[in-house]
Amino acid sequence: DLMNQLQRPNGSWMPGNQFLSMRRWSESVADQISTMWAALALAAYEPDAAKRSAVVEKAIAFQRQQLVPPSNNEWLATRLLFEKQFGSMDEVTKLTQQLLAAQKPDGGWSWENDRPSDAYTTGIAIYALAKVGGDHAEVFANARGFLLSQQAADGSWPTRAMNFSKQQDPEKLKARDEIYHYWATAWAAIGL
């Protein structure tokens, strides 16, 4: 009921503060990411996929009208999951190839193509690829190698906020490192 109330008239959901204030995302990309995750979560609770709720259908319609952001691999992995749930196999194949092509030589993925590989995006990427299926054994082995090489002795994956954040102040970036540390650790573990 709360999600129904929070959905905007255009079918999207307003992103949380971290998407707008912390990330180098446009408002449009932040809206899309929030909407795709919300639609995926709500659809998981609908007993009959053939009879989607009006809320989910409205979110799908919103997402179909959006432009693809350039070189954003988190968006790409999320869109791959979204298309697997709500789209066509042709679109899933196309997005899968794009995500595979974005893997870096070190086995990881970066949030944006011009950034270094990070555990956060690598975890999301391999999670999405595993969910859509296919023979990606070498891709997963390389990603696993990257993640294991980046794991700290305490089992976590430290990740620098400067790779994601629009913030430039060194003190604020240092404070945000802890947030990305937790996010990266969660996604790396989920991906593995």
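A crossing of two helices is left-handed if the near helix is turned anticlockwise from the far one by less than a right angle, and right-handed if clockwise. Keep that in mind at both stops. Note too that this is a predicted model.

**Stop one: α3 and α4**

Select residues 27-44, helix α3, and residues 54-64, helix α4. Their axes lie 10 Å apart, and the packing angle is about 150°. Angles over 145 degrees count as roughly antiparallel, so α3 is roughly antiparallel to α4. The α3/α4 crossing is left-handed.

Now show side chains. On the α3 side, pick Asp-31, Gln-32, Thr-35, Met-36, Ala-39, Leu-42 and Ala-43. They meet Val-55, Val-56, Ala-59, Phe-62 and Gln-63 of α4. Colour this contact by residue type: 8 nonpolar, 3 polar and 1 charged.

**Stop two: α5 and α6**

Move on to helix α5, residues 73-86, and helix α6, residues 89-101. Here the angle is about 155°, with the axes 9 Å apart. That value makes α5 roughly antiparallel to α6. Which hand does the crossing of α5 and α6 have, left or right? It is left-handed.

Show side chains again. From α5, select Asn-73, Leu-76, Ala-77, Arg-79, Leu-80, Glu-83 and Lys-84. Across from them, α6 supplies Glu-91, Val-92, Leu-95, Thr-96, Gln-98 and Leu-99. Colouring by type gives 6 nonpolar, 3 polar and 4 charged residues in the α5/α6 contact.

Methods:
Residues are numbered from 1 along each chain as its sequence is written. This is a predicted model: local features need pLDDT of at least 70, side-chain atom pairs count only at pLDDT 80 or more; totals for chains, interfaces and linings use all residues. Side-chain values use heavy atoms; hydrogens and water are left out. Axes are lines fitted to C-alpha atoms, for helices over the stretch in contact, and angles run from 0 to 180 degrees between N-to-C directions. Helices (H or I, at least four residues) and strands (E, at least two) are DSSP runs, numbered from the N terminus. Angles under 35 degrees count as roughly parallel, over 145 as roughly antiparallel, 65 to 115 as roughly perpendicular and the rest as oblique. Contact means heavy atoms within 4.5 Å. Ala, Val, Leu, Ile, Met, Phe, Trp, Tyr, Cys and Pro count as nonpolar, Asp, Glu, Lys and Arg as charged, and the others, Gly among them, as polar.
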